[in-house]
Amino acid sequence: MLMRTDPFRELDRLAQQMMGPGTWSRPSAMPMDAYREGDEYVVAFDLPGVSADAIDIDVERNMLTVKAERRPTAKAGDVQMELSERPLGAFSRQIVLADTLDTERIEADYEAGVLTLRIPIAERAKPRKISIGLGSDRKEISG
């Protein structure tokens, strides 16, 4: 069996605990995947435990910004936390979109902790066939 190891995982977890949760002025990063599927680009963000109303998506010109916040769950007064590794706080990611994408028709879907954005390719950026006309008014240049 092939196992992928990350020697810095424990260091990252400790640094996250030391710095505390992300804030709106210093948000934590959120993992994402981006790929092309047919005539659209798909960007998927992992946001487990975040409610849909805590997600904010903005597009300004060609800059896409996704912000989310995961709040701690309310616990009874007699609960003592033994281990807390799930990050809380604010998360943010900015992506510069190419001019070939249609930012007016972005669709967003949130299911099972994954925010999926579908960004169509603009019509002007799609490949098209150019027909060749047969000109009957050919002129000869003499010099």
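This is a predicted model: local features need pLDDT of at least 70, side-chain atom pairs count only at pLDDT 80 or more; totals for chains, interfaces and linings use all residues.
Residues are numbered from 1 along each chain as its sequence is written, and side-chain values use heavy atoms, with hydrogens and water left out.

The chain holds one helix and seven strands, where helices (H or I, at least four residues) and strands (E, at least two) are DSSP runs numbered from the N terminus. Along the sequence these elements follow the pattern α-β-β-β-β-β-β-β. Of the 143 residues in the chain, 23% are buried, a term that stands for under 20% relative accessible area, with exposed meaning over 50% and partly exposed in between (1.4 Å probe, protein chains only). Among contacts (heavy atoms within 4.5 Å) between residues at least 6 apart in sequence, 55% join residues at least 24 apart.

Three of the strands form an open sheet in the order E3-E4-E5, with antiparallel pairing, two strands being paired if DSSP finds at least two bridges between them. Strand E3 (55-60) and strand E5 (89-96) each have a single partner strand and stand at the edges, so one side of each is left without a neighbour in the sheet. E3 pairs with strand E4 (residues 63-70) in the antiparallel sense over six bridges, and Glu60 has Met63 in E4 as its bridge partner.

The loop between E3 and E4 contains Arg61, which has a positive phi of about 55 degrees although it is not a glycine. Most residues other than glycine have a negative phi. Arg61 counts as exposed because its relative accessibility is 76%. Ala112, in the loop between strand E6 (107-111) and strand E7 (114-120), also has a positive phi, near 55 degrees, and counts as exposed at 77% relative accessibility.

The second largest pocket has a volume of about 200 Å³. A pocket is an open set of points on a 1 Å grid over the protein atoms alone, where a 1.4 Å probe fits, with protein on both sides within 12 Å along at least five of seven lines, and lining residues have an atom within 4 Å of a point. Its lining includes Gly49, Arg71, Pro72, Lys75, Met81 and Glu85, and by class the lining has four nonpolar, three polar and four charged residues.

Conventions:
Grid points are joined across faces, edges and corners, and a volume is the space filled by probe spheres set on the points. Ala, Val, Leu, Ile, Met, Phe, Trp, Tyr, Cys and Pro count as nonpolar, Asp, Glu, Lys and Arg as charged, and the others, Gly among them, as polar.
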